[in-house]
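This report describes one protein chain from its coordinates. The sequence and the structure come first, and the text follows.

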Amino acid sequence: MRMMQRMTEAELPLCLAFNRANHQWLSHRLFAVVSRLGNGVFWYVLMLALPVLHGLWALQVSLHMALVGLLCLPIYKLLKRTTVRDRPYTQNQDILQNVPALDRFSFPSGHTMHAVAFTIILVAYLPAWAWLVVPFTVMIALSRLVLGLHYPSDVLAGAAIGAGVAFASLIL
């Protein structure tokens, strides 16, 4: 617990720096929309669309993406319950939070974890999709910081876990 508190204190200046963009209307709207799409809407629609766009064989891609998402979920929930790290906006009143959090705790970023995992699987099968999903995944990760919902280490941990689960699933 003490280590998490030290990390929180060390990362708060970075959180404030990222959150400055949330004070500008256009930036706030952009990142709020990206975050909302990152809740799953974009990914689920994409999983449904892949077989339509690429033929029945792409059902394997969609199922692989869904399986990886399901594998990430218990890891995410376990870490949320055990680390109980409060979100940045609860730690500093200068952090503007104008998008509701999906749950109370911040570690790790589930949005980033799933976005990275889905991106790796999709691009492994269909590299031409990288031009769309890689920038979108980066925007999702940034949205979590800009909106004051996560610390940088939450986002990095989410990305690492998502990548680890995705790469492991591709190897097995």
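Is F136 buried or exposed? F136 is buried, because its relative accessibility is 11% and the cut-off for buried is under 20%. The model is a predicted one, and the values below are computed from it.

**Aromatic residues**

Across the whole structure, a search finds four aromatic pairs. One of them joins F42 and F136 in a tilted arrangement, with ring centres 4.3 Å apart and 45° between the planes. F42 counts as buried because its relative accessibility is 19%, against a cut-off of under 20%.

W43 and F118 form another tilted pair, 5.5 Å from centre to centre and with 50° between the planes. Here too distant parts of the chain are linked, W43 lying in helix α2 and F118 in helix α5, 75 residues apart. W43 has 1% relative accessibility and so counts as buried. F118 is likewise classed as buried, because its value is 4%. F42, W43, F118 and F136 together form one aromatic cluster.

The two pairs are set out below.

| Pair | Centre to centre | Angle between planes | Class |
|---|---|---|---|
| F42 and F136 | 4.3 Å | 45° | tilted |
| W43 and F118 | 5.5 Å | 50° | tilted |

**The largest pocket**

Which helix gives the most to the lining? It is α3, with seven residues. Sorted by class, the lining of the largest pocket holds 10 nonpolar, eight polar and three charged residues.

**Contacts of L12**

L12 is a residue of helix α1 (residues 2-19). It counts as buried because its relative accessible area is 15%. Leaving aside residues up to four places away in sequence, L12 touches P88, Q91, N92, I95 and Y151. For one of these, N92, the C-alpha to C-alpha distance from L12 is 7.8 Å, while the two residues are 80 apart in sequence.

**Backbone geometry in two loops**

V84 has a positive phi of about 40°, although it is not a glycine. This residue is found in the loop between α3 (59-83) and α4. Is V84 buried, partly exposed or exposed? V84 counts as partly exposed, because its relative accessibility is 30% and that class runs between 20% and 50%.

The peptide bond from F107 to P108 is cis, and its omega is near -5°. P108 sits in the loop between α4 (88-91) and α5 (110-125).

**Annotated span**

An unreviewed UniProt entry lists residues 61-170 as "domain: Phosphatidic acid phosphatase type 2/haloperoxidase". In the model, this span is 72% helix and 0% strand, and the C-alpha atoms at its ends lie 11 Å apart.

How values were computed: Residues numbered from 1 in each chain as written. Predicted model: local features only at pLDDT ≥ 70, side-chain atom pairs only at ≥ 80, totals over all residues. Heavy atoms only, no water. UniProt positions renumbered as here; feature names shortened; annotations may be inferred. Helix = DSSP H or I, 4+ residues; strand = E, 2+ residues; numbered from the N terminus. Buried < 20%, exposed > 50% of the residue type's maximum accessible area, 1.4 Å probe, protein only. Contact = heavy atoms within 4.5 Å. Nonpolar A, V, L, I, M, F, W, Y, C, P; charged D, E, K, R; others polar. Phe/Tyr/Trp six-rings, centres within 6.5 Å; stacked < 30°, edge-to-face > 60°.
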